[in-house]
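Here is a short tour of one fold, written for someone who likes to know the cut-offs. Please have the viewer open as you read.

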Amino acid sequence: MRARGARRGIDAGMSRARTGTLPRLVDTPQWRALQRHARGLARVHLRELFAADPQRGKRFAVEAAGWYFDHAKQRLDARAVQLLLALAQARGVPQRIAAMFRGEPINSTEQRAALHVALRLPRGRRLRVDGRELVAEVHSVLERMAAFCERVRSGQWRGHTGERIRHVVNIGIGGSDLGPVMAFEALRHYATRELDLRFVSNVDGTDLVEATRDLDPARTLFIVCSKTFTTQETLANARAARHWLLAALGDERAVARHFVAVSTNAGEVAAFGIDPANMFGFWDWVGGRYSMDSAVGLSTMLAIGPGHFADLLAGFHAMDEHFRKAPPARNLPLLHGLIGIWNGNFLGIDSLAVLPYEQYLKRLPAYLQQLLMESNGKRVTHAGRAVGVHTCPIVWGEPGTNGQHSFYQLIHQGTRAVACDFIGFCAELNPLADQHDLLIANMFAQGEALAFGKTAAELRGEGVPAALVPHRTFPGNRPSSTLLARRLEPRTLGALVALYEHSTFVQGAIWDIDSFDQWGVELGKVLARRIGDELAAAKAPRLHHDSSTTALIRRYRRLRTDRP
């Protein structure tokens with residue numbers, strides 16, 4: 001695969017953004033056809049759709065990269081799928097997919113590529129962008145990561161006093177934390193128990209203090225994840241960790257044996273005291289929320305080993321290849337993304353619950369919150385015009401069966417419809433009697449109950465007292481999909497994350513928004529730096545804020561205690 005020159009690609013991408021070659025979404029015939037069809041389907045219950053097609057459960061299912069995707073319980077029919085596929089074609093989704101895989105600068109506001117797919121290309125594949133062979137660069141970093149991880153895992157890497165490393169603390173925030181901690185928790189079954197991994201992200205000092213409270217500094221390794229090595233929260237925690245280490249070991253030379261960096265800023269890394277030889281880099285075409293399979297995944301590789309990390313990358317790549325090559329009607333990420341468009345824009349369902357029936361995936365909903373909402377929480381198109389429709393859903397969730405005893409009441413009988421993604425596995429990793437069967441029985445039962453509900457007539461037929469019938473009636477017709485794989489393994493996790501990455505991309509392409517920037521986080525950062533100086537000033541500063549913020553700053557300064 002070859003990309004055109006970066007400058008020509010940037011110019012073309014920005015020209016497209018300025019001229020707005022895509023028509024306004026709501027004015028397209030495909031959009032209007034979907035609106036008409038949705039109005040007709042609004043009167044049709046899922047009970048009727050299943051009754052009309054005894055084979056619906058088989059027809060509305062696709063399989064890819066080890067995952068079976070059952071979307072039969074979504075409130076759509078074959079015609080709706082056909083119209084959604086036509087919309088994707090009209091919005092240039094196939095062309096956008098090809099452009100991403102070629103390395104074109106589809107992140108138009110930052111004038112760069114979004115080439116996370118290059119992170120998992122196998123050795124020997126070629127992807128040349130702007131004169132650089134990216135696959136070779138990626139595997140060079142992977143080889144350095146693997147060599148380092150083997151030294152730590154084997155005990156060859158020692159701390160400053162000669163002690164073996166037993167604790168690893170990953171310091172990052174956003175994509176430098178959410179991806180690694182999710183992957184570690186998801187693959188904990190495959191992790192060495194010789195290393196105790198912990199994660200620190202919040203600038204609240206409690207996060208670092210509690211993470212290090214019972215650790216031995218002589219046996220602790222810190223990974224500082226910051227591309228620029230200037231991220232405010234990460235560097236504040238890194239400096240505090242450095243102070244904690246030196247307070248115990250007393251020698252500046254200890255920093256080089258107890259800190260490594262995932263960064264591209266060798267100067268700042270060296271100034272911190274980290275040997276640049278122990279800096280693992282990545283590229284500006286890797287967004288933070290798409291970086292867990294880059295050097296940002298160093299903590300994951302330390303935990304599960306280079307072999308399992310290679311399997312994780314292979315799972316990503318398997319779903320990438322399916323997304324790139326599969327026909328639209330059988331393309332799992334494409335269909336998943338289009339169903340999100342259908343639910344949000346045509347059924348008015350603006351909430352997505354991600355419900356993994358696997359305890360190891362307990363951090364997946366939090367990871368997907370960033371992936372989806374930071375990517376597609378946008379209000380303007382590439383051309384800077386209002387999108388004209390709602391974009392990203394609100395994403396949330398909790399592992400089953402815990403969620404059944406907290407928020408499922410609202411999903412079943414509340415006044416707001418919530419779309420659900422159930423995620424489960426056929427084989428358990430930790431067998432305990434028949435508990436896995438019970439777990440998956442609950443997952444299947446919840447999908448069935450949401451779809452079909454229970455009518456008043458059925459309740460009366462069961463002899464339920466009339467006064468209780470309204471309380472025990474379930475309307476059903478609540479949409480859900482089920483993702484099912486054989487077992488949670490590194491490969492299946494990689495494929496699952498890639499699925500959601502590409503589904504997010506599809507939705508962004510339909511809305512014509514830039515799914516790879518995140519300008520929405522910048523304003524708060526700028527204001528926080530200004531207010532931080534005002535809070536720390538020795539004398540009361542002159543304030544130029546609104547009356548609410550001014551009052552809050554003054555109250556904080558008055559009530560805070562003296563710092564140690």
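## The sheet

Two strands count as paired if DSSP finds at least two bridges between them. Helices (H or I, at least four residues) and strands (E, at least two) are DSSP runs, numbered from the N terminus. With that in hand, look at strand 7 (residues 220–225) and strand 8 (residues 259–262): they run parallel and are joined by four bridges. Within strand 8, Val-260 is the bridge partner of Ile-223.

The model is predicted, so local features need pLDDT of at least 70 and side-chain atom pairs count only at pLDDT 80 or more, while totals for chains, interfaces and linings use all residues. Residues are numbered from 1 along each chain as its sequence is written, and side-chain values use heavy atoms, with hydrogens and water left out.

An open sheet of five strands has the order 6-5-7-8-9, with parallel pairing. Strand 6 (196–200) and strand 9 (279–280) stand at the edges with a single partner strand each, so one side of each has no neighbour in the sheet.

## A helix across the strands

Helix 8 (residues 175–186) lies across strand 5 (167–171), strand 6 and strand 7, at about 150° to strand 6. Angles run from 0 to 180 degrees between N-to-C directions, and axes are lines fitted to C-alpha atoms, for helices over the stretch in contact; contact means heavy atoms within 4.5 Å.

## Two helices side by side

The axes of helix 15 (residues 364–376) and helix 20 (residues 490–511) come within 10 Å and cross at roughly 25°. That makes helix 15 roughly parallel to helix 20 (angles under 35 degrees count as such).

Terms used
Parallel < 35°, antiparallel > 145°, perpendicular 65-115°, else oblique.
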